Amino acid sequence: MKAVVFENFSAPPAIQQVPDPTPEPHGVVVKVMANGVCRSDWHAWMGHDPDVVLPHVPGHELAGIVEAVGKDVTRWRVGDRVTVPFVGGCGACPECHSGNHQVCDHQFQPGFTHWGSFAEYVSIHFADVNLVALPKRLDFATAASLGCRFVTSFRAVVDQGRAAAGQWVAVHGCGGVGLSAVMIANALGANVVAVDISEKALKLARQLGAVATVNAAEVANVVEAVREITQGGAHVSLDALGHPSTCFNSISNLRKRGRHVQVGLMLADHSTPAVPMSQIIANELEILGSHGMQAHRYGDMLAMIESGKLAPERLIGRRISLEASIDVLVTMDTFEGAGVTVVTEF
């Protein structure tokens with residue numbers, strides 16, 4: 001099969017012909033019809049994830065068609081249209097038994113723990129636990145764009161942040177994760193303040209439902225700006241970028257008993273950011289993480305998509321070829337463009 005392969009961290013990847021995957025007894029092989037290009041893939045390419053073993057094929061936001069089925073799989077057949085969470089559970093550990101597959105003790109992540117979906121085919125483990133059937137009306141590009149950013153934002157806003165109608169939600173960073181959070185929070189009836197340094201991204205955030213925006217490159221103090229807009233601070237605030245400054249601002253702009261959700265990855269030099277601990281204690285703030293979403297939780301999100309309350313296709317910025325994905329991948333730290341880039345030509 002054709003795949004994007006990097007043989008050294010931070011060195012240019014290349015298109016190569018590599019062996020087709022075969023399904024594990026409990027897994028399937030999916031023919032990739034669409035693959036999102038995510039900042040997490042950039043982290044893998046940079047060598048920030050200890051699970052990545054060279055040579056490597058990145059990619060974890062995928063949708064496609066089941067091509068081959070392992071002998072122990074009971075729920076899926078060749079030809080099924082599917083997607084998968086970027087964090088997969090084993091189905092047998094205590095966390096999985098509690099329904100929390102996103103923090104499985106033996107989790108797998110295509111594109112990190114094994115070769116991923118910047119390729120014509122990808123192997124998915126524990127298929128009966130992790131695969132999600134796609135509604136007939138949901139196209140592959142939109143389904144792939146859900147894979148990491150949208151579902152992580154859904155869990156962050158709905159399950160972890162517990163955002164409700166009438167509350168103020170601040171979103172720091174308006175890339176794919178942040179824009180997804182803006183759309184989801186708005187669909188719940190919350191009032192969203194979007195924060196970014198790009199006017200293009202902020203314009204898109206307003207189109208997706210943000211009632212106010214803050215350009216962090218132009219205001220003297222982001223925290224004060226959000227507090228003024230929200231008349232005392234956000235009830236829920238997300239760091240959708242993953243940077244010490246956005247993390248600090250997200251916590252600091254909360255009102256008393258507010259909830260900060262860390263969605264953007266904090267890796268390498270950013271893994272131990274400073275936080276306003278005195279404010280966390282005095283104001284009884286909650287600090288929460290959000291790491292993917294379980295396959296069994298997709299139903300509520302897909303129902304909102306089918307009803308029209310959520311329109312993730314509006315987040316897709318570009319549809320590109322597998323060859324073009326290399327340049328997009330290696331330049332993701334420049335934050336150029338707005339919306340989600342999806343590979344649709346293999």
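Reader: Why does Ser-10 count as partly exposed?

Author: Ser-10 has 39% relative accessibility. Buried means under 20% relative accessible area, exposed over 50%, and partly exposed in between (1.4 Å probe, protein chains only). The value of 39% therefore makes Ser-10 partly exposed. This is a predicted model: local features need pLDDT of at least 70, side-chain atom pairs count only at pLDDT 80 or more, and totals for chains, interfaces and linings use all residues.

Reader: What makes Arg-257 exposed or buried?

Author: Relative accessibility decides. Arg-257 stands at 54%, so Arg-257 counts as exposed. Arg-257 belongs to strand β12. Its phi is positive too, about 65°, although Arg-257 is not a glycine.

Reader: How do you know that the peptide bond between Leu-54 and Pro-55 is cis?

Author: Omega is about -10° for that bond. Pro-55 lies in the loop between α1 (39–46) and β4 (61–69).

Reader: Why are α4 and α10 called roughly perpendicular?

Author: Helix α4 (residues 140–160) and helix α10 (residues 298–307) pack at about 100°, with their axes 11 Å apart. Axes are lines fitted to C-alpha atoms, for helices over the stretch in contact, and angles run from 0 to 180 degrees between N-to-C directions. Under 35 degrees is roughly parallel, over 145 roughly antiparallel, 65 to 115 roughly perpendicular, and the rest oblique. α4 and α10 are therefore roughly perpendicular.

Reader: Which residues of α4 and α10 meet?

Author: Contact means heavy atoms within 4.5 Å. On the α4 side are Leu-146, Gly-147, Phe-150, Val-151 and Phe-154. On the α10 side are Tyr-298, Asp-300, Met-301, Leu-302, Met-304 and Ile-305. By class, this contact has 9 nonpolar, 1 polar and 1 charged residues. Ala, Val, Leu, Ile, Met, Phe, Trp, Tyr, Cys and Pro count as nonpolar, Asp, Glu, Lys and Arg as charged, and the others, Gly among them, as polar.

Reader: What makes a set of residues a nonpolar core, and how many residues has the largest one?

Author: A nonpolar core is a set of buried Ala, Val, Leu, Ile, Met, Phe, Trp, Tyr and Cys residues joined through side-chain atoms within 4.5 Å. The largest has 53 residues. Leu-238, Met-301 and Leu-310 have the most contacts inside this core. The elements giving two or more residues to the core include α4, β8, α10 and β15 (340–345). The largest share, 10 residues, comes from α4. Beyond its neighbours within four places in sequence, Met-301 is in contact with residues including Phe-150, Phe-154 and Leu-310. A second, separate core of 23 residues includes Val-18, Trp-45, Ile-326 and Val-328.

Reader: Why does one side of β10 and of β13 lack a neighbour in the sheet?

Author: Two strands pair if DSSP finds at least two bridges between them. An open sheet of 6 strands runs in the order β10-β9-β8-β11-β12-β13, with parallel pairing. β10 (212–215) and β13 (286–289) stand at the edges with a single partner strand each, so one side of each has no neighbour in the sheet. Neighbouring strands of this sheet are turned by 20° against each other on average, direction ignored.

Reader: How do you know that β12 and β13 pair?

Author: Strand β12 (residues 254–262) and β13 share 4 bridges, in the parallel sense. Val-261 stands opposite Leu-288 in β13.

Reader: What joins β3 to β6, and what makes both faces of β6 covered?

Author: Strand β3 (residues 28–37) is joined to β6 by 4 bridges, and the two run antiparallel. Val-28 stands opposite Ile-124 in β6. In β6 (residues 121–124), Tyr-121 and Ser-123 are buried on one side, Val-122 and Ile-124 on the other.

Conventions
Residues numbered from 1 in each chain as written. Heavy atoms only, no water.
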